[in-house]
Amino acid sequence: MKAQIIKYLSITKKEWNGLVVLVILIVLVLASPYVYQLFHKDSTINTKDFDEAVAQLSKIEDPSYGDGQPKSDEKISHPIMFAFNPNGLSIQQWEQLGLSERQANVIKHYEAKGGKFYNKEDVKKIYAITADDYKRLEPFIQISETVISRKARPDEIIELNSADSARMTEIRGIGPSFAVRIIRYRNRLGGFYNREQLKEVFGIDSLKYAEIKDHVSVNVAKVKRLDINTISFDQLRVFPYLSYKQVNAIIQYRQQHGNYASVADMKNIAILDEEILRKIEPYLNFK
């Protein structure tokens with residue numbers, strides 16, 4: 001019986017060598033993660049730098065930071081009160097009236113976006129103005145009729161293709177920044193042929209467009225057309241409706257096939273689809 005047990009538990013030399021190899025492989029597998037970490041140190045993420053970057057991005061969106069630097073909440077202990085018109089008041093003057101630098105920057109940010117004060121209550125609507133601030137300021141607020149009249153009358157319509165920046169700001173909801181953007185885009189286009197093109201101007205969304213659309217008009221006769229048969233590549237590149245490749249294709253096709261007789265000839269250019277042709281047709285002159 002004893003001999004049978006010994007015989008059952010005994011292993012050959014070949015089996016023993018295999019067992020040794022298996023053990024070595026198991027040890028190597030278990031040790032490999034530690035060996036890898038020993039020779040390959042992971043680069044650590046600097047969370048401090050990441051947090052600082054996020055904070056900088058937040059400053060860009062927060063009007064209380066102005067130029068990217070945090071503004072003080074400190075107020076002068078003895079405000080100098082005087083009659084004032086809140087439209088166009090400087091930061092220093094707001095501070096003299098007892099507001100903090102941060103509050104003054106919020107107001108200037110509101111004005112830069114096209115905001116205007118038409119009555120005393122409009123000042124109260126600024127979220128940075130506290131009830132105590134408004135109570136102190138209210139007796140000194142004076143908004144003259146001349147300032148109010150700078151905005152167009154409710155029934156007055158302003159023509160987009162002839163208005164300068166000053167005239168543009170008379171549209172309720174349009175401040176200096178929007179006026180400049182509208183004129184720059186108008187110059188790139190050659191003029192507006194449809195009011196809805198205003199929604200292509202950066203910052204004018206559907207809500208802003210709904211606010212101003214009934215106060216503007218478009219004189220299509222003032223649109224400057226592109227002489228498509230003589231225009232150069234560099235001149236056509238500034239036109240916002242065409243990409244670099246599309247401009248190049250238009251010039252190359254003209255050089256190979258001759259002048260365009262109508263927009264129908266441009267349908268032969270593969271990268272100009274129906275939508276693009278519809279948008280650019282009002283701007284093309286084929287004579």
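**Close-up 1. Helix H5 and its packing partners in the predicted model.** Helix H5, which runs through residues 101-112 and so comprises 12 residues by DSSP assignment, reaches 16 Å from its first C-alpha to its last, close to the 16 Å expected at 1.5 Å a residue. Its buried residues are Gln103, Ala104, Asn105, Val106, Ile107 and Glu111, and these pack against helix H4 (91-96), helix H7 (131-137) and H10.

**Close-up 2. The largest nonpolar core.** This core has 43 residues, and those with the most contacts inside it are Leu236, Phe239, Leu242, Ile250, Met266 and Ile280. Two or more residues are given to it by each of helix H10 (176-189), helix H11 (206-212), helix H12 (233-237), helix H13 (244-257) and helix H14 (274-280), with H10 supplying the largest share, six residues.

**Close-up 3. The surroundings of Leu242.** When neighbours within four places in sequence are left aside, leucine 242 is in contact with Leu236, Val247, Ile250, Leu272, Ile276 and Ile280.

**Close-up 4. Helix H13 and the glycine that follows it.** The end C-alpha atoms of H13 are 20 Å apart, which agrees with the 20 Å that its 14 residues should span at 1.5 Å a residue. Gln246, Val247, Ala249, Ile250, Ile251, Tyr253 and Arg254 are buried in this helix, and what covers the buried residues of H13 includes H12 and H14. After H13 comes glycine 258, whose phi is positive, near 95°.

Methods. Residues are numbered from 1 along each chain as its sequence is written. This is a predicted model: local features need pLDDT of at least 70, side-chain atom pairs count only at pLDDT 80 or more; totals for chains, interfaces and linings use all residues. Side-chain values use heavy atoms; hydrogens and water are left out. A nonpolar core is a set of buried Ala, Val, Leu, Ile, Met, Phe, Trp, Tyr and Cys residues joined through side-chain atoms within 4.5 Å. Buried means under 20% relative accessible area, exposed over 50%, partly exposed in between (1.4 Å probe, protein chains only). Helices (H or I, at least four residues) and strands (E, at least two) are DSSP runs, numbered from the N terminus. Contact means heavy atoms within 4.5 Å. The expected span of a helix is 1.5 Å times one less than its number of residues.
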